[in-house]
Amino acid sequence: MDDLLLTLKTTFGYGAFRPLQREIIEAALADQDVFALLPTGGGKSLCFQLPALLRPGLTVVVSPLIALMKDQVDQLQAAGVAATYLNSTLSADEARSRLSGLHRGEWRLLYVAPERLMLDNWQANLKGWNVTALAIDEAHCISEWGHDFRPEYRQIAKLRDLLPGVPVMALTATATGRVRDDIIKHLRLTGPHTFVASFNRPNLSYRVIPKDQPAKQIINFVRTRETESGIIYCASRATAERVAESLAGRGFLARPYHAGLDAAERSRNQELFLRDETRIICATIAFGMGINKPNVRWVIHHDLPKNIEGYYQETGRAGRDGLPGDCLLLFSAGDIAKQTHFLDEITNAHEQTIARAQLRQIVHYAESGSCRRAELLDYFGEKFPLDNCGACDNCLEPRETYDGTLVAQKFLSCVYRIAQNSSFSVGMNHLTEVLTGADTEKIRKWGHDRLTTYGIGKDLGRPHWAHIGRELMRLGYLAVTEGEFATLELTPAGRTVLLARTPITLTKPMDLPKAKRSARREGDITCDEILFERLRTLRKRLADERQVPAYIIFGDATLRQMARAYPVQLKTLEGITGVGEKKRAEFGGIFTRTIAEYLQTNSRMAFSD
């Protein structure tokens, strides 16, 4: 067994690397700059943690969130790794103690926020601490085209001058080609070795349903998952509060999380969630980036996300342990209008253009009748090789299509007539008003009530026409002009089908869900469920005694393997994922004894692969 695999096994308890991990680690140990794009749950952290144990000196990890730092350091220390963090939550005495340890070379990894690195007194520290590697986590924060741009990340590049020759590793879970280029440019990566893993999360299922009495829809969803942990993302603080109160009032363990809570309550609610005291967090997007809770089994989006990258990362918080996770998006046309209203208030024209493009992409995803998985992968430039993923609503229950030639001709004709008559194009709202024969000041002012297409769509409502317009955009017959106002114009393909009266097939809007076929549960580990619950109870007690989240002891995947293999001696823990040497020494005995006691009154179950 080579050094990399030996360290992986003895320290972290894993018998094999995940895709691209070994290649990334080898490039890092060769002192190369690295850009690594691995999906949430793909094992990004290990790519800089393991090399830090095999090279001399200190690895500095730049991380944007205090909670992420504490979470990762707790896990590393539980595995026997000398890791620490410095941030504003520490008392002056604790901070001084950790700084002294850094000066003495006691730590292998230091987690720190980007703004702290830029403080003047830190320059001398960094030079004196024998820094041999820099890891930039959540690197998409450096790009204004990313979904979570943070200006302070732009300052990190100054470290290249302060620490010349120190290799830099940039890591992220979500980045389009444009964002990747931004990261490499702004971090001044030199000839970086670039690694891009598949964005596919095969253990996740995706579903979008029309939003209709969302409180009732959410309650029906969580009622069948009462022992599971989940996150409900909401667009506003008020909604997060309201949904949490609604669930708590019905006996569910639910709490809110948003920037409007005071820091103590926010921290307490998060800690309760990490420790499984609270099962459900109702949150704004302030929650979750980098929260390494592996046993989140489901994620609900109560409102339409702002962009696909944010949606992908938020859904990616389900199933990080490789076990199945369910992702549900509640969608309504009203959410599009709300988001559009917010966009209109953005004063920077460039930022508004970016935000509008991102909103169109997430609406396209929500309304599409195609495979959800294929749509997500396509956004990131990856092609899904199968025709049916077997784990999304559109693959399990394909939506009905219809001959949309007539309505498409009406819509495209209206776009054409307005441009021909007025020498300018208009937006979606105005087009639907012309089609439905609305009497507005703009229609009268521009003479659009005299067009042959005025009122030809009175048989359908404006939301229906807007849906048709968005589908024609998806099909490539309409395009949005880039400028101060988002207006629609015919593409060459749209002009061709309009003049040739080419038949066009459209997809019917989503209906409220009927009884669904079950999604393929990729990654499921069948086991003795009674023993699994007993091991979970033991894990909770041990975690409470140490005041850490339960997964710091062992993850659900590890317990499920134990409840399948029935290890009753320390040596039989050898093949169980997530049991490194330190954890086997500390916890192995009590878990194997518990399993042996269970088998005194229960027989082993047989499992087929």
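Helix 19 (residues 428–435) is largely enclosed by the rest of the structure, because 7 of its 8 residues are buried. Buried means under 20% relative accessible area, exposed over 50%, and partly exposed in between (1.4 Å probe, protein chains only). Helices (H or I, at least four residues) and strands (E, at least two) are DSSP runs, numbered from the N terminus.

This is a predicted model: local features need pLDDT of at least 70, side-chain atom pairs count only at pLDDT 80 or more, and totals for chains, interfaces and linings use all residues. Residues are numbered from 1 along each chain as its sequence is written, and side-chain values use heavy atoms, with hydrogens and water left out.

The pLDDT is the predictor's confidence in each residue, from 0 to 100. The protein averages 89, and 95% of the residues score at least 70. Residues 515–520 stay under 50.

Which residues of helix 19 are buried? They are M428, H430, L431, T432, E433, V434 and L435. They pack against helix 18, helix 20 (441–446), helix 21 (462–474) and strand 16 (488–490). Just after helix 19, G437 takes a positive phi of about 75°.

K410 lies in helix 18 (residues 405–422). K410 is buried, yet has no salt bridge. A salt bridge is a side-chain nitrogen of Lys or Arg within 4 Å of a carboxyl oxygen of Asp or Glu. The side chain of K410 does reach a backbone oxygen, that of I456. The two distances are tabulated here.

| From | To | Distance |
|---|---|---|
| K410 | D459, nearest side chain of opposite charge | 4.2 Å |
| K410 side chain | I456 backbone oxygen | 3.1 Å |

Not counting residues up to four places away in sequence, K410 touches L435, I456, D459 and W465. Contact means heavy atoms within 4.5 Å.

The largest nonpolar core has 106 residues. Such a core is a set of buried Ala, Val, Leu, Ile, Met, Phe, Trp, Tyr and Cys residues joined through side-chain atoms within 4.5 Å. L109, Y111, L126 and Y365 have the most contacts inside the largest core. Helix 15 (residues 349–367) gives the most to this core, with 7 residues. Another core, of 30 residues, lies apart from it; among its members are V415, I418, M428 and L498.

A173 sits in the loop between strand 6 (168–172) and helix 9 (177–186). A173 counts as buried because its relative accessibility is 1%. Beyond four places in sequence, A173 touches L37, L38, P39, T40, K44, F199, Y312 and Q313.

Note on methods: Lys, Arg positive; Asp, Glu negative; His and termini not counted. Polar contact = N/O pair within 3.5 Å; in protein donor to acceptor, adjacent residues only side chain to side chain.
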